[in-house]
Amino acid sequence: MAMWDRIKDQAKGLQQQAQGTRGAGGHGRPGSGSSRGSRAQLVNTLKSQLSSLKTELKSGAYRDASMAMCALVAAADGQVDPAERQHVESLILNNDVLQNFPSEQLRQRFNKHVDQLAFNFQQGKQEALQEIAKAAKKPTEARAVVQTGFVVAGADGYVAPAEDQVLREACSVLGLSPQEFGL
């Protein structure tokens, strides 16, 4: 458990840095100075933490919940354009931790959720959140699902408000505090 305490402390420190710069007028938007850097720093920290857990993250529950999380992040604004879908799929297939799984399994699960979200966003969102909730039984996997979503959301250097919102909702269904992830 000591590792998670260290991770939480790192995330809190980064969150405090981000909040401090937002209070100074940054608002966490692209190009707004060090707030963007703090968020990018948090994404890099979460990415490193995920990599350190690679050997533990091999269950089907983590795989399925992560793909649902990635789909939610991609469709957070209510739509998924083909370029964004392809970009997120590429991030998934090149993610160090997700390489524990066959790429076709990842692609199939991600696209299934994206298709559901594109067809009926609210229903697709509920189904994705139900899939994510299945990872709640194992705290390490639950946190890793949110971290995976955060890494995908922050890959472009900016986590949009709609992406923040779906990450908060994932935290809720997993029984995690959004503050743990700087949300």
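Me: Which hand does the crossing of α3 and α6 have, left-handed or right-handed?
Reply: A crossing is left-handed if the near helix is turned anticlockwise from the far one by less than a right angle, and right-handed if it is turned clockwise. Here, α3 and α6 make a left-handed crossing. Keep in mind that this is a predicted model: local features need pLDDT of at least 70, side-chain atom pairs count only at pLDDT 80 or more, and totals for chains, interfaces and linings use all residues. Residues are numbered from 1 along each chain as its sequence is written, and side-chain values use heavy atoms, with hydrogens and water left out.

Me: At what angle do the axes of α3 and α6 cross?
Reply: Two packed helices are described by the angle between their axes and the distance between the axes. The axes are lines fitted to C-alpha atoms, over the stretch in contact for helices, and angles run from 0 to 180 degrees between N-to-C directions. For helix α3 (residues 60-74) and α6, the angle is roughly 145°, and the axes come within 8 Å.

Me: Which residues of α3 and α6 make the contact?
Reply: Contact means heavy atoms within 4.5 Å. From α3 come D64, A65, A68, M69 and L72, and from α6 come K125, A128, L129, E131 and I132. Sorted by class, this contact of α3 with α6 has 7 nonpolar, no polar and 3 charged residues. Ala, Val, Leu, Ile, Met, Phe, Trp, Tyr, Cys and Pro count as nonpolar, Asp, Glu, Lys and Arg as charged, and the others, Gly among them, as polar.

Me: How do α5 and α6 pack, and at what angle?
Reply: Helix α5 (residues 103-119) and helix α6 (residues 121-133) have axes 5 Å apart, at an angle of about 145°. The crossing of α5 and α6 is left-handed. On the α5 side you will find H113, Q116, L117 and F119, which meet F121, G124, K125, E127, A128 and E131 in α6. The residues of this contact of α5 with α6 divide into 4 nonpolar, 3 polar and 3 charged.

Me: Is E131 buried or exposed?
Reply: Buried means under 20% relative accessible area, exposed over 50%, and partly exposed in between, using a 1.4 Å probe and protein chains only. E131 counts as buried, because its relative accessibility is 14%. E131 lies in helix α6. Apart from neighbours within four places in sequence, E131 is in contact with D64, A65, A68 and H113. E131 and M69 are 62 residues apart along the chain, and their C-alpha atoms are separated by 8.7 Å.

Me: Where is E56 found?
Reply: Look at the loop between α2 (34-52) and α3, which holds E56. E56 has a relative accessible area of 46%, so E56 is partly exposed. Leaving aside neighbours within four places in sequence, E56 touches T140 and E141. The C-alpha atoms of E56 and T140 are 8.4 Å apart, although 84 residues separate the two in sequence.

Me: How many disulfides does the count come to?
Reply: A disulfide is a pair of cysteine sulfur atoms within 2.5 Å. By this rule the count is 0. C70 is buried at 0% relative accessible area, and C171 is buried at 0% too.

Me: How many helices and strands does the chain have?
Reply: Helices (H or I, at least four residues) and strands (E, at least two) are DSSP runs, numbered from the N terminus. The chain has 8 helices and 0 strands. Of its 183 residues, 46% are buried.
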